[in-house]
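Please read the following paragraphs alongside the sequence and the model, turning to each site as it is named.

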Amino acid sequence: MTPEEKELKIQEEIPDNLPELKRVLEERVGLNRSFDLVFREMVFGSKRVGVFFCNGFAKDTVLTDILTRLSYASEESVTHRTLETFMEKLIPHIQVKSYKKMSEIVGQVLMGGTAFFIEGETTALAVDVKSYPVRSIGEPDLERVVRGSRDGFVETLLLNVTLVRRRVRDERLKLEIMQIGKRTKTDVCIGYINDIANADLVDAIKEKISEVKIDGLPLAEKQLEEAIVNKGWNPYPMVRYSERPDVVSAHLLEGHVCLFVDTSPSVMILPTTFFHHVQHAEEYRQTPFIGTYLRWVRFAGIMSSIFLLPLWFMMVMDPSLKPAGLEFLGPQKEGNLPLLVQFLIADIGIDLMRMAAVHTPTPLATAMGLVAAILVGDIAVKTGLFINEVILYLALASIGMFATPSYELSLANRIIRLGLLLAVAIFHVPGFIIGSTLWLILLATRKSYNAPYMWPMIPFNAKSFFSILVRRPVLAAKTRLSLTKPIDGTRQPKP
């Protein structure tokens with residue numbers, strides 16, 4: 001690259017003649033090399049204007065209407081105060097803004113806007129006529145409900161915040177936008193309710209995001225999470241994700257801060273605890289009694305996904321631990337492989353089937369499931385590779401894992417279950433006790449933005465812990481949870 005090309009690449013002044021401007025755009029963004037970048041020269045009145053846009057973003061009908069209006073401009077109207085005339089009188093659009101730096105106006109074009117460069121002017125106009133490729137709104141696959149709204153977030157940031165704004169029509173709802181990534185310049189929106197969310201929490205999250213130095217966020221919210229949440233090798237999720245606008249709106253009303261990342265349908269909720277990951281929208285779509293029942297069944301499933309296999313394995317290794325009346329527990333015959341090896345092979349096999357189901361085309365998924373069921377459930381038992389009890393208890397544990405609302409939490413629980421199995425195999429009963437204790441200590445010492453991860457169990461908060469165990473009626477919850485230290489802790493407005 002020659003010195004001239006390097007200088008043009010970083011030039012911030014907007015040239016006042018179009019040939020020089022095109023030369024700058026060639027070096028800066030690859031005009032005439034990138035096929036989707038369009039520079040259209042036209043004359044409006046007596047002024048030559050360059051229209052610069054990305055072909056895939058431009059909303060052609062709106063842009064055509066603007067150009068039609070400009071084509072009727074007279075020479076007298078653009079002779080004096082040309083820039084102000086274009087901005088205030090000639091461009092019929094609701095979002096028009098002027099920029100004096102080349103980096104700013106190019107950034108607007110790469111975000112989907114259209115730039116108007118007027119010959120003789122060193123200031124350019126950006127018109128927001130973008131139209132992003134977007135899929136239709138549908139119910140999220142991971143958070144389905146029997147009754148309730150069927151809309152979910154998509155990959156377009158503006159549409160996502162609009163779905164939340166539709167539910168929270170509060171003038172104090174703030175949606176602040178930032179850009180992260182030197183190359184991708186990904187839009188990140190920070191959502192909170194001004195007079196509910198704790199100001200220190202909001203400032204801490206803003207500061208963390210502003211300190212992120214990275215070339216880009218092509219994987220959107222997941223890379224942002226790793227950049228602002230220092231979790232190291234901790235397998236447990238420190239933030240909660242949701243693709244449901246009603247769930248995000250409910251958390252905003254509790255004083256949480258929500259992060260929307262462009263190109264991602266998942267919204268990050270901060271701070272969160274272990275018990276946030278075991279709640280589901282279905283509990284709040286049913287009556288309080290049924291919602292409480294569903295919550296307890298889900299708790300039982302989650303606990304079985306962690307402790308069922310280690311407990312059964314421990315009682316098989318030491319039959320004296322079996323409670324009275326449960327002497328039948330344990331294999332009636334031994335397999336060709338040790339029990340621990342059977343557990344490990346079967347657990348890894350289930351993970352392989354789960355990954356295969358994700359990558360298998362839909363027409364072949366049923367066939368893949370039948371093959372896996374026959375191989376694992378029938379032939380493997382008949383050949384003595386597995387025993388029936390291993391398949392049974394592993395299936396029950398897997399059902400509990402699939403019943404966990406948070407996908408990230410279910411994967412972390414699976415790792416803990418494997419660790420407990422190894423501890424029981426090596427140290428027997430002391431291994432189970434020590435392993436469970438270390439697991440609880442791990443969770444109790446974690447924090448999500450100064451919020452204890454095991455709150456309200458550790459530290460114990462009786463009122464909040466009761467609201468975790470029981471799905472209370474809506475009008476019975478008169479105050480917000482103290483976890484987020486909300487400014488306004490009252491849920492029921494005073495008359």
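Zero disulfides are present in the structure, which is a predicted model. C189 illustrates this, since the cysteine sulfur nearest to its own, that of C258, is 9.7 Å away, whereas a disulfide would need the two sulfur atoms within 2.5 Å. C189 has a relative accessible area of 4% and is therefore buried, the cut-off for that class being under 20%. C54 likewise counts as buried, because its relative accessibility is 5%.

N32, although not a glycine, has a positive phi of about 75 degrees, and it is placed in the loop between α2 (18-28) and β1 (37-44). With a relative accessibility of 60%, N32 counts as exposed, the class that begins over 50%. K185 is also not a glycine and has a positive phi, here of about 50 degrees; this residue is found in the loop that runs between β6 (173-180) and β7, and at 44% relative accessibility it counts as partly exposed.

Two cis peptide bonds can be followed in the same way. One leads from L270 to P271, with omega near -15 degrees, and P271 has its place in the loop between β10 (267-270) and α10. Another leads from I458 to P459, with omega near -5 degrees, and P459 lies in the loop between β12 and α16. The loop between β11 (447-448) and β12 (451-452) holds N450, which is exposed, with a relative accessible area of 69%. Along the chain N450 and I196 are 254 residues apart, and their C-alpha atoms are separated by 18 Å.

How do helices α14 and α15 pack, in terms of angle and axis separation? Helix α14 (residues 388-402) meets helix α15 (residues 407-444) at an angle of about 150 degrees, and their axes are 10 Å apart. On the α14 side the contact is made by L394, A397, S398 and M401, which meet S410, R414 and R417 of α15. By class, the residues of this contact are three nonpolar, two polar and two charged.

The lining of the largest pocket is made up of 16 nonpolar, 12 polar and 11 charged residues.

The second largest pocket holds about 910 Å³ of space. Among the 27 residues that line it, those closest to the centre are L110, K182, R183, T184 and K185, so that K185, with its positive phi, returns here because it is one of these lining residues. Two or more residues of the lining come from each of α1 (3-10), α5 (102-110) and β7 (186-193), and the largest share, four residues, is from α5. The lining of the second largest pocket divides into 11 nonpolar, eight polar and eight charged residues.

Definitions and conventions. Residues are numbered from 1 along each chain as its sequence is written. This is a predicted model: local features need pLDDT of at least 70, side-chain atom pairs count only at pLDDT 80 or more; totals for chains, interfaces and linings use all residues. Side-chain values use heavy atoms; hydrogens and water are left out. Ala, Val, Leu, Ile, Met, Phe, Trp, Tyr, Cys and Pro count as nonpolar, Asp, Glu, Lys and Arg as charged, and the others, Gly among them, as polar. On a 1 Å grid over the protein atoms alone, a cavity is a set of points where a 1.4 Å probe fits but cannot get out, and a pocket is an open set with protein on both sides within 12 Å along at least five of seven lines; lining residues have an atom within 4 Å of a point. Grid points are joined across faces, edges and corners, and a volume is the space filled by probe spheres set on the points. Buried means under 20% relative accessible area, exposed over 50%, partly exposed in between (1.4 Å probe, protein chains only). Axes are lines fitted to C-alpha atoms, for helices over the stretch in contact, and angles run from 0 to 180 degrees between N-to-C directions. Contact means heavy atoms within 4.5 Å.
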